[in-house]
Amino acid sequence: MKNSIESTFVYRYLKTNDIRGDIQWRDIHSDVQLEQSTAKDFIKEATLTLDPGETDISFFRSFKENDANRILDVLDELRHRASGRGFSVNSGMMKLDFEVAHDDINDEGELVRFFDNDKTKRECRHYGLLILTKNSIERLEVVNALLELSNFYALKQKSKTPDTRDLLEFREPGVFFTLARDTPI
Amino acid sequence: MAKNDENENVVRNRNSYFVIDYKEEIGSYEVELKDLVKSSLGSGSYTSLGERTLSAYSVLMSARSRLNEKRNRWYDELESSNFKPEFNSDNGVRFFHQTSSEVENTPSYRDIEALAGRYIKQAFDSVSQQAAEEKKVLILNACAQLSRYLPDFEERRPHYFIDSHSSKIGVTFQGGGTLTLLIGATTEIEFSYAEKQQSGMTRVSGTAKLTKHLRNSKNIWKLLQLQGRTD
């Protein structure tokens with residue numbers, strides 16, 4: 001595993017129904033590229049929730065070199081672990097530097113914890129995020145901080161053969177709060 | 001203070017940035033006005049500064065006046081018997097018995113109706129009747145409290161959600177930091193603002209009590225100002 005600063009990024013998969021609205025998709029041909037989206041109000045509905053059985057907010061950590069590769073790596077990992085449910089590639093990804101988040105949010109006391117709870121030996125590893133505080137204002141604070149620190153990307157499949165996706169960054173993730181809403185505390 | 005007196009005050013005190021003297025709402029307009037005055041000082045003549053200041057002042061007053069009028073009409077609507085957030089299983093949540101022109105002018109209440117309606121329906125499907133009734137009352141009261149601030153929220157780009165832990169309604173504003181307000185069945189508002197810096201993350205959090213008096217609702221701008229300019 002690499003120990004570079006880059007390798008502290010973790011990613012959370014966003015489901016298709018978390019992402020709504022009119023998107024000005026760039027016309028990108030065959031390669032996966034990172035582009036700035038001009039879409040506004042990208043995520044309109046509060047639909048991020050913990051999956052059944054999850055006890056922490058689930059992120060994946062990949063050790064690939066750049067964002068596009070990392071995100072696709074995480075998607076491949078999710079597909080690998082999907083146990084038949086699969087996932088849509090017309091969806092999105094949240095990116096967070098967990099070391100920065102850990103330092104910035106825990107500067108006055110421990111409010112969040114990130115941990116590698118992966119039992120497998122795969123290189124793309126599962127990370128959990130726990131919000132430790134029960135105080136509602138502190139929880140607001142944590143989630144706002146996570147929103148500030150995260151980047152959000154949309155994925156759009158361009159073709160199935162070969163499997164090709166556009167990767168677009170967008171602003172105003174909006175209602176990420178609900179992701180942490182059902183976090184056990 | 002009469003309007004004419006205010007204008008005179010502006011001219012007399014132009015060197016002292018009259019904007020600072022006005023402690024009422026308006027938010028970003030004030031910032032724009034300050035920028036305008038500063039740029040005039042940097043490049044224009046004294047006369048030009050006076051003219052531009054008066055012109056900007058008129059924009060500020062007009063915007064402030066429009067927002068104030070809108071608020072007052074909205075508060076009148078909330079005080080009338082037409083306003084009472086209610087739920088029934090067929091129609092979901094409805095805030096108003098009848099749709100007046102002022103209600104039409106503040107369309108974002110419909111987003112809250114839809115959000116609250118879904119939440120209450122889900123509660124009746126998933127928890128006991130008694131627990132669902134309790135959630136319903138909390139959410140409907142939260143709707144009534146939140147409604148007080150809609151004219152101010154509509155000036156920005158709110159994202160609404162329901163915090164299921166507390167059955168409160170949240171609203172997040174992004175751009176120039178992230179501000180989240182949590183509004184429940186009482187007049188208390190919990191707020192938190194976070195802004196990423198070059199190093200570290202500044203946060204400002206706390207509670208606001210804008211009282212049960214409806215006309216005090218406009219003080220919500222003081223919280224919204226935490227975010228500063230949004231564009």
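Biologist: How many helices and strands does the secondary structure of chain B come to?
Modeller: In this predicted model, chain B has 8 helices and 7 strands.

Biologist: What share of chain B is buried?
Modeller: Buried residues make up 32% of the 231 residues in chain B. The cut-off for that word is 20 or more other C-beta atoms within 10 Å of the residue's own.

Biologist: Why is A:Glu110 called exposed?
Modeller: The limit for exposed is 12 or fewer C-beta neighbours. A:Glu110 has 10 inside 10 Å, so A:Glu110 counts as exposed.

Biologist: Where is A:Glu110 found, and what separates its C-alpha atom from that of A:Thr133?
Modeller: A:Glu110 is in the loop between α2 and β5 (112–116) of chain A. The two C-alpha atoms are separated by 8.3 Å, with the residues 23 apart along the chain.

Biologist: What makes β6 and β7 of chain B a pair of strands?
Modeller: At least two bridges are needed for pairing. Strand β6 (residues 188–196) and strand β7 (residues 201–209) of chain B have 9 bridges, in the antiparallel sense, and therefore count as paired. Among the bridge partners, B:Glu188 goes with B:Lys209 and B:Phe191 with B:Gly206.

Biologist: What lies between β6(B) and β7(B)?
Modeller: The two strands form a hairpin with 4 residues between them. In the turn, B:Gly200 has a positive phi of about 85 degrees.

Biologist: What is the strand order in the open sheet of chain B?
Modeller: The order of the 5 strands is β3-β4-β5-β6-β7, with antiparallel pairing.

Biologist: Why are β3 and β7 of chain B said to stand at the edges?
Modeller: Each of them, β3 (159–163) and β7, has a single partner strand, so one side of each is left without a neighbour in the sheet. On average, neighbouring strands of this sheet are turned by 20 degrees against each other, direction ignored.

Biologist: Which helices lie across strands of chain B?
Modeller: Helix α5 (residues 109–126) of chain B lies across β3 and β4 of chain B, at about 25 degrees to β3(B). From the other chain, α3(A) lies across β4 (168–174), β5 (178–183), β6 and β7 of chain B, at about 30 degrees to β6(B).

Biologist: How many residues does each chain give to the contact?
Modeller: Chain A gives 21 residues and chain B gives 25. On the side of chain A, the elements giving two or more residues are α2 (98–105), α3 (136–149) and α4 (177–181). The largest share, 10 residues, comes from α3(A). By class, the side of chain A that touches chain B has 10 nonpolar, 4 polar and 7 charged residues.

Biologist: At what angle do α2(A) and α3(A) pack, and how many Å apart are their axes?
Modeller: Two packed helices are described by the angle and the distance between their axes. For α2(A) and α3(A) the angle is about 140 degrees and the axes are 11 Å apart. The crossing is right-handed.

Biologist: Which residues make the contact of α2(A) with α3(A)?
Modeller: α2(A) contributes A:Val100, A:Ala101, A:Asp104 and A:Ile105, while α3(A) contributes A:Val142, A:Ala145, A:Leu146 and A:Leu149. They divide into 7 nonpolar, no polar and 1 charged. Asp counts as charged, so A:Asp104 is the charged residue in this contact.

Methods. Residues numbered from 1 in each chain as written. Chains lettered and ligands numbered in written order. Predicted model: local features only at pLDDT ≥ 70, side-chain atom pairs only at ≥ 80, totals over all residues. Contact = placed C-beta atoms within 7 Å. Axes fitted to C-alpha atoms, helices over the stretch in contact; angles between N-to-C directions. Left-handed = near helix turned anticlockwise from the far one by under 90°.
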